[in-house]
Amino acid sequence: MTEPTRAPIWFWIAGAIALIWNGLGLLAYFQQILMSAQEFAALPQQQRDLMVNQPSWVMAAFAVAVFSGFVAAIALLLRKKVAVRLFLLSLLAVIVQFSSYFIIDGYLEFIAAQGWAMPILIIIFAVGFAWIAWRAEKQGLLR
């Protein structure tokens with residue numbers, strides 16, 4: 001049996017960032033699905049309208065993105081190859097989720113008012129984590 005390759009510091013830093021980032025994604029998901037009536041009523045009317053009319057596939061993609069990303073981050077830190085596939089699944093779900101901005105009436109206007117920074121940042125992180133996991137697998141850091 002061969003000795004496993006020692007993981008460099010960048011690997012552990014990236015894994016910790018992935019875990020924190022995806023943990024924040026889980027918090028955002030739970031905050032949205034567990035929102036009280038008072039919290040919902042405090043949202044701007046446009047946002048309430050979008051949430052009420054949001055198709056179930058958008059929330060399903062959100063759930064898949066954050067849960068697979070979080071489990072992928074744990075798998076990465078445990079140095080498991082499945083992390084690559086889970087990060088790719090998370091990336092695909094992010095793309096599906098954000099495609100709703102271009103399909104559902106009102107989303108583009110809402111995002112234009114809120115800003116594109118967070119959606120773009122989420123996509124960049126999803127691509128980055130998938131690439132890091134792929135690179136770690138190619139370097140023999142995952143088993």
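**Note on helix packing in a predicted model**

1. The crossing of α4 and α5 is left-handed. The coordinates under review are a predicted model. Helix α4 covers residues 56-77 and helix α5 covers residues 82-103; they pack at an angle of about 155 degrees, and their axes lie 8 Å apart. Angles over 145 degrees count as roughly antiparallel, and α4 and α5 are therefore roughly antiparallel to each other. The residues that form the contact of α4 with α5 comprise 20 nonpolar and six polar ones, with no charged residue.

2. Helix α1 (residues 9-33) packs against helix α7 (residues 117-138) at an angle of about 140 degrees, with the two axes 11 Å apart. The crossing in which α1 passes α7 is left-handed.

3. Which residues make the contact between α1 and α7? On the α1 side they are W10, F11, A14, I17, A18, W21 and N22. On the α7 side they are M118, L121, I122, F125, F129, I132 and A136. By class, the contact of α1 with α7 holds 13 nonpolar residues, one polar residue and no charged residue.

4. Turning to the chain as a whole, the protein chain contains seven helices and zero strands. Its order along the sequence reads α-α-α-α-α-α-α. The C-alpha trace spans about 60 × 30 × 25 Å along its principal axes.

5. Among contacts in the protein chain with a separation of 6 or more, 77% join residues 24 or more positions apart. The chain has 143 residues, of which 38% count as buried.

6. I104 is located in the loop between α5 and α6, the latter comprising residues 107-114. Is I104 buried or exposed? Its relative accessibility is 17%; since the cut-off for buried is under 20%, I104 counts as buried.

7. The surroundings of I104 may be checked directly in the coordinates. Leaving aside residues up to four places away in sequence, I104 touches P55, W57 and V58. The C-alpha atoms of I104 and F87 are 26 Å apart in space, and these two residues are 17 residues apart in sequence.

Methods. Residues numbered from 1 in each chain as written. Predicted model: local features only at pLDDT ≥ 70, side-chain atom pairs only at ≥ 80, totals over all residues. Heavy atoms only, no water. Axes fitted to C-alpha atoms, helices over the stretch in contact; angles between N-to-C directions. Helix = DSSP H or I, 4+ residues; strand = E, 2+ residues; numbered from the N terminus. Left-handed = near helix turned anticlockwise from the far one by under 90°. Contact = heavy atoms within 4.5 Å. Nonpolar A, V, L, I, M, F, W, Y, C, P; charged D, E, K, R; others polar. Parallel < 35°, antiparallel > 145°, perpendicular 65-115°, else oblique. Buried < 20%, exposed > 50% of the residue type's maximum accessible area, 1.4 Å probe, protein only.
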